[in-house]
Amino acid sequence: MPNFNDILILLPELYLVAAACLLLLLDAFMKAEQRPLLHWLSIAVLLVGIYLVVEGQPSQAVTAFNGMFVRDGVAEILKVFALLTTVLVFIYAKPYLMDRKLFVGEFYTLTIFAVIGIMLLVSAGNLIMVYLGLELLTLSSYALVALNRDSRLSSEAAIKYFVLGALASGMLLYGMSMVYGATGTLDLAHLHVAATQTSMPHLLVFGLIFMIVGIGFKLGAAPFHMWIPDVYQGSPTAVTIFIGSAPKLAAFGMAYRLLASGLGDLAYDWQLMLACLAVLSLAIGNIVAIVQSNLKRLLAYSTISHMGYLLLGLVNAGPEGYASALFYAISYALTGAAAFGLILALARAGFECEEIDDLKGLNQRSPWAAFLMMLVMFSLAGVPPLFGFFGKLMVFQAAIHAGFLWLAIVGAVFAIIGLYYYLRVVKVMYFDKPVEGTEIRLQGDVSVRVVLSLNVRALLVLGIGWGPLFSWCQRVFVG
Amino acid sequence: MIDSSVFQLVCFYAFAAVTVVAALGVITLRNTVHAVLSLVLTFFSTACIWLLAEAEFLAIALVVVYVGAVMVLFLFVVMMLDIDREQVREGFIKYLPVGIIVALVMLGEMLALIGVRAMHEQVMGANPATVAGMSNTEWLGHALYTEFLLPFEIAALILTVGVVAAVVLTLRHRTGVRHQQASQQVRVDARDRVRVVKMAAVVPAAPQPAPGKETTP
């Protein structure tokens with residue numbers, strides 16, 4: 001039976017569930033003009049959540065509810081950054097939502113439910129919990145993508161996301177059932193032991209393949225990336241920013257729990273599979289991004305390539321590799337939030353700022369916005385001394401140390417190819433003539449502009465002073 | 001005399017074959033009503049497989065909930081929709097041969113990889129309910145509320161999100177629509193509904209139209 005201690009371990013999640021339900025009720029009895037209050041309350045709820053995660057963190061890993069829930073350093077760092085990114089999402093999204101009559105309470109509650117899904121997923125100690133956390137996250141995401149019901153593009157994106165997501169869930173479940181059949185356990189800690197003693201190693205590897213398909217889909221790694229461009233482009237930008245940031249941390253957490261905690265001894269089998277996914281993602285992401293004219297689509301393909309880099313870290317299959325992949329996931333989540341945040345801030349009612357051409361001559365009209373966008377693009381491209389550069393450096397290093405020199409070389413080559421399309425955005429902003437009759441500048445209230453500037457500055461600061469964050473990432477995988 | 005484990009194995013393969021064929025029928029049948037009925041058969045034979053595994057409660061729940069309630073609702077919806085069958089199947093026929101070849105190759109690979117023999121090693125594992133000396137339903141209840149309490153609650157949370165999502169995606173506040181206001185209906189008084197008018201019992205013969213109130217033709 002669960003005791004009080006179990007509940008204490010689960011406190012941040014329980015608190016968020018209660019808070020989300022209260023916000024839902026509050027929204028139902030709230031008048032439309034009081035809704036900004038809900039916005040600030042949601043942000044406060046998430047900030048208190050961060051406090052609870054950090055404050056109640058036990059000194060060593062503990063489990064609750066018969067090993068269903070694991071609270072360790074990996075879960076802590078992922079939860080802190082997932083909550084932090086969601087705070088950014090809420091702040092950036094508000095003006096956009098208000099302009100488009102999408103400012104509804106459900107945006108906040110569904111996003112918080114999705115974050116709860118992320119937190120449960122990264123803390124999962126059991127295959128069932130991995131699946132349920134993932135479902136909670138994706139189900140909320142499907143609804144968020146379809147939030148703008150009157151847009152055909154949104155509905156199409158939501159249907160595609162839903163169908164492909166259901167297929168991926170099915171694959172994952174199929175793989176889990178095979179693994180369960182081979183080992184007779186669902187508990188990841190037991191699985192780690194049972195995987196070495198199974199009498200049916202082929203069945204186990206077979207299950208592993210299907211689980212990797214599920215992970216590949218969640219990460220958006222090629223060849224399971226088909227949903228990403230359409231969903232990024234089709235959903236309201238306020239939702240794209242969420243889907244493009246915090247769930248990447250969840251995907252890393254899921255891959256870590258399933259592959260490292262659960263099937264770590266099968267690393268020899270999954271290393272090469274992940275290497276293939278990485279090469280494909282790097283190739284498809286970087287090459288297809290070159291021909292994109294839509295900024296959101298370009299960032300979608302950029303995500304695919306970034307997931308390739310993240311996989312480079314996972315291929316290492318050791319603490320060094322996991323630490324570098326975690327560092328990469330955090331750097332991508334923060335940079336992605338800033339990139340979409342800028343698009344949100346430049347958009348206004350009736351103008352989406354989706355096309356790269358919309359940014360023409362941005363420097364002459366809003367130098368500060370152009371400068372921020374340039375920093376973000378450089379960080380995504382991996383130009384030193386920005387945050388993205390050190391992320392790439394670490395994953396290359398991890399891949400080389402694991403004996404995958406060729407993989408690191410492929411990664412470096414594609415990083416240079418990728419530089420082209422990021423620089424194209426910068427070129428359009430600084431050297432192209434602005435289109436007559438269009439006005440473009442940072443929208444939104446003071447909070448948006450201040451937080452956006454801080455977010456981009458953090459990319460610079462973390463790029464120069466990356467040491468503490470990276471040693472935190474390393475620390476959680478030791479012992 | 002047939003050995004009971006052999007009989008079990010034969011039953012398993014028979015039910016499994018029916019499930020697969022019925023599932024194929026769901027996506028290939030031309031008539032949507034037939035497809036839904038085929039889905040019912042899929043569920044039913046799955047329930048039979050579960051019965052073989054001594055999971056009685058789940059098997060009955062599948063039949064009662066899915067076959068009994070959900071599928072009837074499905075049938076109802078499908079019968080009401082006017083679906084252009086040819087349009088739905090346009091791309092399907094074209095890709096069907098390729099799909100079948102891929103499926104067969106995958107099946108062959110799977111069997112080669114796992115090995116047919118591995119399946120025969122143990123027909124069914126030991127039933128934990130029998131080990132614990134409980135009925136299947138009782139054991140399921142114990143497992144759900146002790147060992148699997150957290151997943152059980154998370155599943156409830158997922159259902160809540162499903163409800164919220166369904167409401168946010170379908171609820172529309174239209175203006176100019178006359179709603180029933182239950183509170184006003186309850187509060188209504190007899191006087192608001194019926195007006196008792198007193199008038200003479202005998203109508204005066206040939207009433208004269210009041211001057212000045214003549215209606216124009």
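Predicted model: local features only at pLDDT ≥ 70, side-chain atom pairs only at ≥ 80, totals over all residues.
Helix 3 of chain B and helix 7 of chain B are roughly perpendicular to each other, a label used for angles of 65 to 115 degrees, where angles under 35 count as roughly parallel, over 145 as roughly antiparallel and the rest as oblique. Their axes come within 7 Å and cross at roughly 90 degrees, with helix 3 covering residues 56-80 and helix 7 covering residues 136-145. The axes are lines fitted to C-alpha atoms, for helices over the stretch in contact, and the angles run from 0 to 180 degrees between N-to-C directions. Two packed helices are described by the angle between their axes and the distance between the axes.

The residues that make this contact are B:Glu56, B:Phe57 and B:Leu58 from helix 3 of chain B, and B:Asn136, B:Thr137 and B:Leu140 from helix 7 of chain B. Contact here means heavy atoms within 4.5 Å. By type, three of these residues are nonpolar, two are polar and one is charged. Ala, Val, Leu, Ile, Met, Phe, Trp, Tyr, Cys and Pro count as nonpolar, Asp, Glu, Lys and Arg as charged, and the others, Gly among them, as polar.

Residues are numbered from 1 along each chain as its sequence is written, chains are lettered from A and ligands numbered from 1 in the order in which they are written, and side-chain values use heavy atoms, with hydrogens and water left out.

Let us stay with chain B. Of the 217 residues in chain B, 20% are buried, which means under 20% relative accessible area, with exposed being over 50% and partly exposed in between (1.4 Å probe, protein chains only). Among contacts in chain B between residues at least 6 apart in sequence, 60% join residues at least 24 apart.

One residue of chain B deserves attention. B:Thr42 belongs to helix 2, residues 32-52, of chain B, and B:Thr42 is buried, with a relative accessible area of 11%. A polar atom of the B:Thr42 side chain lies 2.8 Å from the backbone oxygen of B:Ser38. Leaving aside neighbours within four places in sequence, B:Thr42 is in contact with B:Thr19, B:Ala22, B:Ala23 and B:Val26.

I turn to the interface. The size of an interface is often given as the accessible area lost when the parts come together. Chain A and chain B bury about 2600 Å² between them, 82% of it on carbon and sulfur atoms; buried area is the accessible area (1.4 Å probe) that two parts lose on being put together, summed over both. In chain A, A:Leu132, A:Arg149 and A:Phe206 lose the most area to chain B, together 21% of what that side buries. The contact takes 32 residues from chain A and 25 residues from chain B.

Now for chain A itself. Is A:Lys79 buried or exposed? A:Lys79, in helix 4 (residues 73-99) of chain A, counts as buried at 3% relative accessibility. Not counting residues up to four places away in sequence, A:Lys79 touches A:Glu13, A:Val53, A:Phe69, A:Met119, A:Val122 and A:Ser123.

A:Ile241 sits in helix 11, residues 237-243, of chain A and is buried, with a relative accessible area of 0%. A:Ile241 and A:Gly336 are 95 residues apart in sequence, yet 7.3 Å apart in space, C-alpha to C-alpha. By contrast, A:Ser324 and A:Ile356 are 32 residues apart along the chain, and their C-alpha atoms are separated by 32 Å.

Lastly, some backbone details. The peptide bond from A:Ala222 to A:Pro223 is cis, with omega near 0 degrees, and A:Pro223 is found in the loop between helix 9 (201-219) and helix 10 (227-234) of chain A. The bond from A:Pro384 to A:Pro385 is also cis, with omega near 5 degrees. A:Lys101 is not a glycine, although its phi is positive, about 55 degrees; A:Lys101 counts as exposed at 75% relative accessibility.

Notes:
Helix = DSSP H or I, 4+ residues; strand = E, 2+ residues; numbered from the N terminus. Polar contact = N/O pair within 3.5 Å; in protein donor to acceptor, adjacent residues only side chain to side chain.
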